[in-house]
Amino acid sequence: MAHWHDGRAVLRVGADPTGVPLEIAASYGARTRGLLGRDGIDGAMLLTPAASVHTFRMRFAIDVAYLDRDLGVLAVVTMAPGRLGLPRLRSRHVLESAAGAMADWGLRAGTILKVDVPGRLTPS
């Protein structure tokens, strides 16, 4: 996808056909706001472009997946509130979800993700 826009989509993890609800935060304002002020998230949030995140003023622990330009997972970590994540080399996007969700989805380093945006699909 050449250019990302704020909005809703569906995250596809591996061969799982069900998909995960996804919020895309591509604008500066949406990336800055992220998950702040929430008590949880149903699904995941994709911050793009992004190479790192923090959990200052967050109300809950999150899973963080660092993604390369092709939506390949470089690393997955769990972050408690009040932490600063270090930037990851080659990271172009960051995926956030409630702590434990990514393991439930089978998401780990090496997984290739797809994002289905209403009206268009990610390149195969």
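Trainee: Why does leucine 71 count as buried?

Mentor: Leucine 71 has 6% relative accessibility. Buried means under 20% relative accessible area, exposed means over 50%, and partly exposed lies in between (1.4 Å probe, protein chains only). The value of 6% is under 20%, and therefore leucine 71 is called buried. Please note that this is a predicted model, in which local features need pLDDT of at least 70, side-chain atom pairs count only at pLDDT 80 or more, and totals for chains, interfaces and linings use all residues. Residues are numbered from 1 along each chain as its sequence is written, and side-chain values use heavy atoms, with hydrogens and water left out.

Trainee: What is the phi of arginine 90, and is arginine 90 buried or exposed?

Mentor: Arginine 90 also is not a glycine, and its phi is positive, about 75°. This residue belongs to the loop between strand 5 and strand 6 (93-98). With a relative accessible area of 51%, arginine 90 passes the limit of over 50% and is therefore exposed.

Trainee: What makes the peptide bond from threonine 48 to proline 49 worth noting?

Mentor: That bond is cis, with omega near -10°. Most peptide bonds are trans. Proline 49 is located in the loop between strand 3 and strand 4.

Trainee: How do you know whether tyrosine 28 is buried or exposed?

Mentor: Tyrosine 28 reaches 63% relative accessibility, over the limit for exposed residues, and is therefore exposed. This residue lies in helix 1 (residues 28-33).

Trainee: Where is alanine 75 found, and is alanine 75 buried or exposed?

Mentor: Alanine 75 is found in strand 5 (residues 73-79). Its relative accessible area of 14% is under the limit, and so alanine 75 is buried. With neighbours within four places in sequence left aside, the contacts of alanine 75 are Val64, Ala65, Tyr66 and Arg88.

Trainee: How many helices and strands does the protein have?

Mentor: There are 2 helices and 8 strands. Helices (H or I, at least four residues) and strands (E, at least two) are DSSP runs, numbered from the N terminus. Along the sequence the pattern reads β-β-α-β-β-β-β-α-β-β.

Trainee: Which residues have the most contacts inside the largest nonpolar core?

Mentor: They are Leu11, Leu22, Leu95, Leu113 and Val115, in a core of 20 residues. Strand 1 (7-13), strand 2 (20-25), strand 3 (44-47), strand 4 (62-67) and strand 7 (113-117) each give two or more residues to this core. A nonpolar core is a set of buried Ala, Val, Leu, Ile, Met, Phe, Trp, Tyr and Cys residues joined through side-chain atoms within 4.5 Å. Not counting residues up to four places away in sequence, leucine 95 touches residues including Leu11, Leu22, Met102 and Leu113.

Trainee: What makes the radius of gyration of the protein agree with a compact globule?

Mentor: The radius of gyration is taken over C-alpha atoms, and the globule rule is 2.2 Å times the number of residues to the power 0.38. For 124 residues a compact globule would come near 14 Å; the protein has 13 Å, and therefore the two agree. The C-alpha trace spans about 35 × 30 × 30 Å along its principal axes, and 43% of the 124 residues count as buried.

Terms used: Contact means heavy atoms within 4.5 Å.
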